[in-house]
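Here are my notes on aromatic contacts and helix packing. Please read them with the model open.

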Amino acid sequence: MEIHRFEKVWIAIALLLIVGFIATIAYGALGPGVKMVDASGGTIDPEAVAAGESGTAFDDPGVRQTGPNEYDVYVVARQFQFAPGTSQPIEVPAGSTVTFHITSPDVTHGFNIAGTNVNTMVIPGQVAELTVDFDETASYGIVCHEYCGGGHHTMEGTIEVVPQAEYDGPGGS
Amino acid sequence: MSEDAGPTVSRRGLLRGAAGTAIAAGGVAAVGTAAGQSGVDFDGWFSDVSNFDGVVDRRGQGEVTVEVGVEGNGDYWAFGPAAVRVDPGTTVVFEWTGEGSAHNVVAENDGYSSGDPVREAGTTFEHTFEETGISKYYCDPHLAVGMKGAIVVGDMGAGADAGGGSPGGISLSEGAWLLVGSLGLAVASPLLFAAFLRYRRGGGPSGPSEETREQLQRVDEVDQGPPRAEEAPVEKPETTIEHDEYDPSGTLSLVLGYLVLVVLLWVFMYFVEFLGRGPTVIG
């Protein structure tokens with residue numbers, strides 16, 4: 001079979017693109033360290049979470065300090081609010097590494113820090129666990145992106161990343 | 001319900017109007033009945049509250065209980081009862097049932113609030129209503145689904161209170177009539193057109209037109225059927241080129257153009273949109 005030299009050019013281009021795409025994924029994983037949300041959060045009894053008797057930090061959700069610059073944030077997403085997040089903002093200092101633990105006592109919700117790729121489903125019985133570096137002072141919105149009922153469109157919250165100097169520790173919930 | 005249809009067009013109103021048009025077309029005059037009034041004008045506050053059933057009279061009691069989280073609005077997302085009439089100076093005790101997730105009580109205008117939503121059964125919140133009037137309140141997480149209530153303080157509108165009623169009959173604004181009318185016209189237009197065609201033909205014999213019949217007659221006279229297509233003569237190519245001599249440079253430039261576009265989109269999407277915006281999931 002005879003292949004025209006122009007055809008050879010665009011076959012080479014297509015192959016290069018594929019190699020480029022794969023290289024991008026590899027760079028994302030190794031360079032900035034982008035991770036997928038996996039099953040590491042484990043499971044939990046949604047009834048117990050609803051009753052506040054799960055024996056976990058979800059009974060008193062909020063921010064916990066776990067290291068010099070490391071925080072755990074426990075969030076219960078329920079119809080139609082994030083606790084904490086909706087009634088009072090989740091407050092963390094700039095330059096911290098924050099691990100979110102999110103679960104739902106009722107129906108499937110979503111948790112997305114608007115405008116970023118911090119995004120997970122919140123499934124009853126499952127704990128979504130994801131770690132995020134907050135480098136700069138900012139104010140982020142949280143939105144629920146899984147239809148969860150009549151008030152879904154009102155379900156949102158706030159994360160405040162405040163300067164280190166102004167942060168006065170996790171205020172509980 | 002005490003809601004007033006007003007100048008807005010609700011879907012139900014529109015359907016009701018459409019049904020009314022059908023009735024009117026049938027030669028029956030549609031008669032609108034007056035919307036029922038519950039004596040107190042809540043200004044549409046209860047229009048999306050499923051368990052609202054008029055104003056419950058609790059006058060003459062020093063303390064009145066309203067349950068937070070009774071069945072309604074698709075779950076345990078309601079206040080029971082939704083609307084209560086009390087004497088001025090009455091203390092209303094809101095008592096949580098523990099059903100339907102976390103609730104709170106937030107005043108629409110009057111400043112009182114039970115604070116953050118809580119779920120625990122037996123939680124209470126008290127507020128004393130001194131001033132005569134309507135005090136509207138809601139549950140913050142469930143406002144969108146209709147978890148709303150009101151305290152009517154004093155005797156305003158009492159007596160005429162018959163437990164609410166449903167607005168019946170047809171009350172449509174001008175715009176709604178226009179919409180319903182044009183919809184009806186659109187549905188009726190093919191029928192009208194068919195009637196017009198039938199009228200124009202005057203019930204005469206159907207079949208091919210005069211012109212077509214003449215043509216058919218001519219074809220019959222010639223008795224040759226339709227003309228046959230002649231085959232086009234095969235032309236000789238002016239020049240013949242070999243495989244390698246043909247350079248589709250236009251196609252090549254198109255391919256290179258697409259390449260540039262794809263690479264630009266790829267860089268923008270991954271490095272600017274995905275990685276470049278704010279924090280990212282790292283674990």
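Which residue lies over the face of Trp45(B)?

1. Lys148(B) does, at 4.7 Å from the ring centre of Trp45(B). Bear in mind that this is a predicted model.

2. Aromatic pairs deserve a look. Searching the whole structure gives 20 of them over all chains. One is Tyr71(A) with Tyr167(A), an edge-to-face pair with 5.6 Å centre to centre and 85° between the planes. Tyr71(A) belongs to strand β2 (residues 70-78) of chain A, while Tyr167(A) sits in the segment after β10 (156-162) of chain A, so the pair ties together parts 96 residues apart in sequence. Tyr71(A) is buried, at 4% relative accessible area. Tyr167(A) is buried too, at 11%.

3. Ring pairs link Phe79(B), Phe94(B), Tyr112(B), Phe125(B), Phe129(B) and Tyr137(B).

4. Now the helices. Helix α1 (residues 5-30) of chain A and helix α4 (residues 249-274) of chain B have axes that come within 11 Å and cross at roughly 5°. The two, α1(A) and α4(B), are therefore roughly parallel.

5. Residues of α1(A) in this contact include Phe6(A), Trp10(A), Leu17(A) and Phe21(A). From α4(B), Leu252(B), Leu259(B), Trp266(B) and Phe271(B) are among them. The contact of α1(A) with α4(B) has 17 nonpolar residues, five polar and no charged.

Notes: Residues are numbered from 1 along each chain as its sequence is written. Chains are lettered from A and ligands numbered from 1 in the order in which they are written. This is a predicted model: local features need pLDDT of at least 70, side-chain atom pairs count only at pLDDT 80 or more; totals for chains, interfaces and linings use all residues. Side-chain values use heavy atoms; hydrogens and water are left out. Rings of Phe, Tyr and Trp (its six-membered ring) pair if their centres lie within 6.5 Å; planes under 30 degrees apart count as stacked, over 60 as edge-to-face and the rest as tilted. Helices (H or I, at least four residues) and strands (E, at least two) are DSSP runs, numbered from the N terminus. Buried means under 20% relative accessible area, exposed over 50%, partly exposed in between (1.4 Å probe, protein chains only). A charge sits over a ring if NZ of Lys or CZ of Arg is within 6 Å of the ring centre and within 35 degrees of the ring normal. Axes are lines fitted to C-alpha atoms, for helices over the stretch in contact, and angles run from 0 to 180 degrees between N-to-C directions. Angles under 35 degrees count as roughly parallel, over 145 as roughly antiparallel, 65 to 115 as roughly perpendicular and the rest as oblique. Contact means heavy atoms within 4.5 Å. Ala, Val, Leu, Ile, Met, Phe, Trp, Tyr, Cys and Pro count as nonpolar, Asp, Glu, Lys and Arg as charged, and the others, Gly among them, as polar.
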